[in-house]
Amino acid sequence: MTGPFLPFARPVIDEAMIAAVADTLRSRWIASGPQVQAFEKALSDYVGGRPVRTFTSATGAMEVALQLVGAGPGDEVVTPAQSFFASANVIERVGARTVFVDVDLATRNIDLDAAGAAVTPRTKALLPVHYNAPLDPAALAAFRARHGVRVIEDAALAIGSRAGGKPVGAAGDLVSFSFHPNKNMTTIEGGALVVNDAAEAAAIEKLRFHGIARLPDGTRDVEVAGGKYNLSDVSARLGLAQLSRLDEWCAARERLAMHYFACLEGDDLLIPDRLPPRANPGHGWNMFTVLLPLGGMAITRRQFMDAMQREGIGIGLSYEAIHLASFWRAKGWREGQFPVAERIGRETVTLPLFPDMTPVDVERVCEALRRVVRSRAA
Ligand SMILES: Cc1ncc(COP(=O)(O)O)c(C=O)c1O
């Protein structure tokens, strides 16, 4: 090891955040309350005024979004084969059928032509994922208009990213964010859903909390079997403090990502399509992934990751192709159906990238990567 351990992701928690959380704990109002409301208002302001409601995770937010659009048994939802498992699991959890399509190597995002071809009269929604680059809002709006389906954007990785000159979430239909500690800002665990209007906001409030509606006489009614996905005030207070530094952190991520390009471009083993798309200015760069040149290496990806660990560098794997997991194979999905997703799933590794990393850390990762890629198994 040539320096302190570098994890592949690490949230910034400053003293002001710790003090803010301590204040909330001292207030004894720690479940959902005024901090959740303030956080939701701040998130809504951040995305340009559309209503936002918070959840205990992005997974919960997406499940509720699917319930909101009425996706259930007999319906289909189109989603990319390359994402975190949650993007597809939520579709099955509401009883709908997942229809996978391939991703595009240039953007690493869903191939919208393939998605269009997969639409049937049963298609209820498109669930695209902001992966290595933000999704294009104009292309999603055109897809929605052309096919007449709802669009639930999985923007777990994209809070703080900009697309089409606006923050992700400012445009579109339903947009879900994650505040897991590996994301651009954190509430420890947590998520949010951006919706179109007050009626949708009221509907998801019910779906996230037992389906309960308050009657004029003060009693409660249940109109739908809702879940339990409300964020706590302790998490929301952390989220408020984090949100105030989000733009600064995304700018730092972008500078570090550009430094990775400067260090890795021109390497004969990492020819351009092995580097992530450079994306547009304002991309929040949650991750910097590279595709390993496995054919030219004497070691496997697992051995690469272990060797980097011995160098004091944490490497992530984001993500395997979803349709090759046993749950999906049992439903008939198989190898060879989505060559780009499968290639990314086979070759991808995630290099360390977090706001308080330094350019020297980036250089250390690149030097180790070059050394290990060219090494032989020990
Ligand atoms: C693309 C994507 N979607 C969804 C999720 C799920 O987010 P959460 O952990 O907040 O449920 C993640 C988390 O890693 C993700 O990367």
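Author: Two packed helices are described by the angle between their axes and the distance between the axes. Here the axes of helix 3 (residues 58-68) and helix 7 (residues 198-208) come within 10 Å and cross at roughly 120 degrees. That makes helix 3 oblique to helix 7, since angles under 35 degrees count as roughly parallel, over 145 as roughly antiparallel, 65 to 115 as roughly perpendicular and the rest as oblique. Axes are lines fitted to C-alpha atoms, for helices over the stretch in contact, with angles running from 0 to 180 degrees between N-to-C directions, and helices are DSSP runs (H or I, at least four residues) numbered from the N terminus.

This is a predicted model, in which local features need pLDDT of at least 70 and side-chain atom pairs count only at pLDDT 80 or more, whereas totals for chains, interfaces and linings use all residues. Residues are numbered from 1 along each chain as its sequence is written, and side-chain values use heavy atoms, with hydrogens and water left out.

Reader: Which residues of helix 3 and helix 7 meet?

Author: Val64, Gln67 and Leu68 of helix 3 meet Glu200, Ala203, Ile204, Leu207 and Arg208 of helix 7, where contact means heavy atoms within 4.5 Å. These residues divide into five nonpolar, one polar and two charged; Ala, Val, Leu, Ile, Met, Phe, Trp, Tyr, Cys and Pro count as nonpolar, Asp, Glu, Lys and Arg as charged, and the others, Gly among them, as polar.

Reader: Is the crossing of helix 2 and helix 8 left-handed or right-handed?

Author: A crossing is left-handed if the near helix is turned anticlockwise from the far one by less than a right angle, and right-handed if clockwise. The crossing of helix 2 and helix 8 is left-handed; helix 2 (residues 34-46) and helix 8 (residues 233-243) pack at an angle of about 30 degrees, with their axes 8 Å apart. By class, their contact has 10 nonpolar, two polar and two charged residues.

Reader: At what angle do the axes of helix 9 and helix 13 cross?

Author: For helix 9 (residues 246-264) and helix 13 (residues 359-373) the angle is roughly 35 degrees, and the axes come within 10 Å. This crossing is right-handed, and its contact has nine nonpolar, one polar and two charged residues.

Reader: How much area do domain 1 and domain 2 bury between them?

Author: The size of an interface is often given as the accessible area lost when the parts come together. The domain assignment gives domain 1 (15-243) and domain 2 (246-373), with bounds that come from an automatic or database assignment. Between them the two domains bury about 3,200 Å², 60% of it on carbon and sulfur atoms, where buried area is the accessible area (1.4 Å probe) that two parts lose on being put together, summed over both. In domain 1, Phe100, Arg108 and Asn184 lose the most area to domain 2, together 20% of what that side buries.

Reader: Where is a cis peptide bond found?

Author: Most residues other than glycine have a negative phi, and most peptide bonds are trans. A cis peptide bond joins Ser318 and Tyr319, with omega about 0 degrees, and Tyr319 is placed in the loop between helix 10 (301-310) and helix 11 (326-329). Arg28, in the loop between helix 1 (15-27) and helix 2, has a positive phi, near 70 degrees.

Technical notes:
Helix = DSSP H or I, 4+ residues; strand = E, 2+ residues; numbered from the N terminus.
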